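Today I went looking for salt bridges. My notes follow the structure.

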Amino acid sequence: MFANLEWIPAERWLLNLGGMYEANDLIRDEFMPRTALIFLPTSDLSLRLVASRAIRTPSLIESEIEAVFPTPIGIRPGEGGLTFIADEHIRAEVIQSLELGGHLLFDHGRGSLDIKVFHNEVDRLIQIPLGQMPADFTAVISNLGKLTIQGVEMQVDYRFNSRLRLSGGLSLLGSRSAGPDTRLHADSVPDHIFNLAGYYTPDDTWTLSFQYYHHADVKWLDDPMAAPLGAGDGFLRLGLRRSLGEQAEIGLYVDDLLASGFTGRGDDSTSWPANRRETRTAVSLQLNF
């Protein structure tokens with residue numbers, strides 16, 4: 001059940017109150033409120049303060065799993081497997097978020113800038129305990145520990161004309177764990193993320209695009225023994241789309257043009273095979289009905 005109330009207490013002020021109650025047959029019911037206070041000093045500028053509580057429901061694997069997974073290094077002599085079982089009392093993760101931000105339109109609406117400072121706390125974190133191998137080779141998936149993620153995010157978008165548009169963003173992040181149970185999750189958060197995208201439409205039929213993405217070194221949750229892995233020169237995608245009328249569009253894409261090194265798991269991993277990055281090409285067809 002969801003409810004939302006929007007109230008204008010005074011000129012240039014807007015208050016938004018909302019909440020959702022979720023009933024779940026597998027876990028306990030949860031209530032997720034959200035409050036936003038918005039100030040509009042001018043027609044082109046808005047300032048906001050947002051507080052919210054959200055949840056992440058356990059997946060079917062996290063709540064029902066009971067299986068043995070083989071491992072390349074042979075954890076159990078003669079079997080090489082690790083038993084995973086789900087905690088019968090597992091609950092949803094809780095994300096409590098506080099955000100202070102602003103949104104600015106400039107150059108007569110051709111450009112926009114959004115900046116926010118945020119503080120997120122993730123409680124009842126659902127974990128597969130890969131950091132330490134249990135003595136009986138049985139890993140229980142349960143709610144363990146607390147994680148804090150905070151930082152600053154900026155996103156800018158500008159339309160030079162009706163045919164050319166650029167957008168980019170930068171995130172500066174920090175994370176900390178409340179104890180040893182969540183240290184690996186904190187290490188998996190990059191300290192910066194950068195993205196850039198451009199779109200050019202020479203006529204009403206063709207569109208050329210690029211998307212670039214880069215992040216700092218991170219530890220991967222499914223391979224805690226491996227060294228931190230970065231994005232190398234970044235991830236670059238090129239695209240070419242052609243409209244076939246109002247009902248169809250065809251596209252050609254080149255993914256990870258700057259491919260080098262590995263993604264997810266490096267060649268120094270002792271527990272999982274390396275996952276090498278490769279440049280790939282794809283063709284798409286979109287049909288509108």
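I counted a salt bridge wherever a side-chain nitrogen of Lys or Arg lies within 4 Å of a carboxyl oxygen of Asp or Glu. The model is predicted. My search of the whole structure returned 17 salt bridges.

**Entry: Arg53 and Glu30.** I found these two joined by a salt bridge, with the closest N and O atoms 3.3 Å apart. Arg53 sits in strand β4 (residues 45-56) and Glu30 in strand β3 (residues 30-42), so this pair ties together parts 23 residues apart in sequence. I then checked accessibility. Arg53 is partly exposed, at 23% relative accessible area. Glu30 is buried, at 5%.

**Entry: Arg56 and Glu62.** Here the closest N and O atoms of the salt bridge are 3.0 Å apart. Arg56 comes out partly exposed, with a relative accessible area of 31%. I have Glu62 at 13%, and buried means under 20%, so Glu62 is buried.

**Entry: Lys116 and Glu99.** Their side chains form a salt bridge at 3.9 Å, N to O. I placed Lys116 in strand β8 (residues 111-123) and Glu99 in strand β7 (residues 93-106), so the bridge links parts that are 17 residues apart in sequence. Lys116 is partly exposed, with 22% relative accessible area. Glu99 is buried, with 15%.

Which residues do salt bridges with shared partners join into one network with Lys116 and Glu99? I noted Arg48, Asp114 and Glu153 in that network.

Methods: Residues are numbered from 1 along each chain as its sequence is written. This is a predicted model: local features need pLDDT of at least 70, side-chain atom pairs count only at pLDDT 80 or more; totals for chains, interfaces and linings use all residues. Side-chain values use heavy atoms; hydrogens and water are left out. Helices (H or I, at least four residues) and strands (E, at least two) are DSSP runs, numbered from the N terminus. Buried means under 20% relative accessible area, exposed over 50%, partly exposed in between (1.4 Å probe, protein chains only).
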